[in-house]
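Dear colleague,

I am passing on the structure we spoke about, and below it I have written out what was found in it. Please read the notes with the model open beside you.

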Amino acid sequence: MNESATHVQKGEIKYLILGCGNLGYHIIQELFPEISKILVIDNNEDRVKELRDQKVNAMVRELDDPGLFTNLPSFSIAFILTGNNDLNRATVSKVRAQSPKSLIVVRTKDPINSSELEKDGTADLILYPQKVAAQTAVHQINKIYATRQSQKLFDMISKWHGTFGIIAHNNPDPDAISSALALSSIAHEANPEKLKCRLFYSGNIGHQENRTLVNLLEVKLEKLTPENIHECDYIALVDSPAPGLNNPLSPNTHVHIIIDHHENPTGTEFRAEFTDIRPGLGATASIFTQYMKELDISVEKKVATGLLYGIRSDTKDFKRNVTPDDLYNAAFLLPLTDLELLDEIMSPSVSQETLDVLGEAIRQKKIRSGYLFSNVGYIRDRDSLPQAADILINLEGVNTAIVYGITDQSIIMSVRNRDVRLHIGNVFQEAFGDIGDAGGHPNMAAATIPLSYFKLVRGKEELLGLIIEPLLRRFTDIIGLEEGETDEI
Ligand SMILES: [Mn+2]
């Protein structure tokens, strides 16, 4: 075979394909728009002839020929694709020596050889076709499955008539609230005439951001009662994996829909008529975004804003448990959201009580060796305590800020810590775990100590004054803080 018969021009090509069986053939198909930038080398004369007939540049050479690279144009990407593991591995080294900067793709026929190639570290991409095929199949079929799910949900709801109760979990967070809103939006699209949606919650809509979310998005949330649940013909749970888990339903309630990203902690999956639980995802709002996208439902501005906020807050601003799907869904929502509204939700105006508590916390602060203690007295809104601690930890000379107060039911403490030697959650647990509910993380923790016998005492502030000293001593003893002077500030 005369090598000069090839019509490759001297100089440059992009792809060099070494060994061209079935796999090489498919790679050429993928690269077809760049066919003039491909050169194939194979030891089979018939195959080379066939390729040339199809206008592919090809030449006959043995890969173990010492003159393999003689008179070859330079290349950027080399595919080494023969069915011989040893030959491929040897060729990787030769290609690397010849062209140190090129990218090398090498085929392996089994996982053992694959890990050896990985150890060599010379190839840029190790191609194990069976594995790629398996990954693609799983990915594709899951995508089809997800599309079927959203269609199944839509079809089911479209056949209903009556009242549809959508229940968010206890003390609902933005993920639960926005998911409930999205489900009602899907239900309205599927069944605008015969189905009436009602959104329920129980517990408190705590934290100001959540209240702002509900107000700004004008979400009509009703408190769940045994009476109004009976007025519902259909029930859905969002962001909660089963009746009775993080919601006030009794465990044997007949539920029609469950959509969540939490695995049922009891290990048994509760089956509703429609169940879609995806523990891999960062937020239930992410599942609803996908539904609306797949169903091609136009997402209202308020719903999109809520869902984006739900994904953001459940993933702690895309930093916790976030998956590529969550990011993909967030990117889909972004152009549909009302950014001004989102901004307003994220920086809610501070309530009067929180301001009062903050003022009191600053006035009452006492600092000893970097520890700040502040007694804010009687409070109604317990959310204001952590907000005060968040602000006080920023004071100069403060490493740990403890803010405490009293409600009708309990003494509560909130702490923020910057001292890396101290795991404040463990310290709180040790100090107060036996008399109340206490614990947290290295940098933030809380304690709730029930008043039990003292609940009926009228002067709550005096009561706090009487019992706080021995309580705080439990804490100062553990951290080794001596009684003494307060620091000058
Ligand atoms: Mn959630």
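In which sense do β13 and strand β14 (residues 371–378) pair, and over how many bridges? They pair in the antiparallel sense, over 3 bridges, and in β14 the bridge partner of Ile367 is Leu372. Before going further, please note that this is a predicted model, in which local features need pLDDT of at least 70 and side-chain atom pairs count only at pLDDT 80 or more, while totals for chains, interfaces and linings use all residues. Residues are numbered from 1 along each chain as its sequence is written. Helices (H or I, at least four residues) and strands (E, at least two) are DSSP runs numbered from the N terminus, and two strands pair if DSSP finds at least two bridges between them.

The sheet

β13 and β14 belong to an open sheet of 6 strands with mixed pairing, in the order β13-β14-β15-β16-β18-β17. Because β13 (366–368) and β17 each have a single partner strand, they stand at the edges, and one side of each is left without a neighbour in the sheet. Neighbouring strands are turned by 15 degrees against each other on average, direction ignored. Helix α15 packs on this sheet, touching β15 (400–406), β16, β17 and β18, and its direction makes about 165 degrees with that of β17; contact here requires C-beta atoms, placed from the backbone, to lie within 7 Å, and angles run from 0 to 180 degrees between N-to-C directions, with axes fitted to C-alpha atoms, for helices over the stretch in contact.

Strand β16 (residues 410–417) pairs with strand β18 (residues 444–450) in the antiparallel sense over 7 bridges, with Ser414 opposite Ala446 in β18. On the other pairing of β18, strand β17 (residues 437–440) runs antiparallel to β18 and is joined to it by 4 bridges, Gly440 having Ala445 as its bridge partner, and a hairpin of 3 residues connects β17 to β18.

Arg421 lies in the loop between β16 and α15 (424–432), and it counts as exposed because it has 8 C-beta neighbours inside 10 Å. For this term, a residue is buried if 20 or more other C-beta atoms lie within 10 Å of its own, exposed if 12 or fewer, and partly exposed in between, with C-beta atoms placed from the backbone. Although Arg421 and Pro442 are 21 residues apart in sequence, their C-alpha atoms are 9.0 Å apart in space.

Helix α6 (residues 174–190) is mostly covered, since 14 of its 17 residues are buried.

The axes of helix α7 (residues 208–216) and helix α12 (residues 339–346) come within 8 Å and cross at roughly 145 degrees. Glu209, Thr212, Leu213 and Leu216 of α7 make this contact with Leu341, Glu344, Ile345 and Met346 of α12.

With regards

How values were computed
Contact = placed C-beta atoms within 7 Å.
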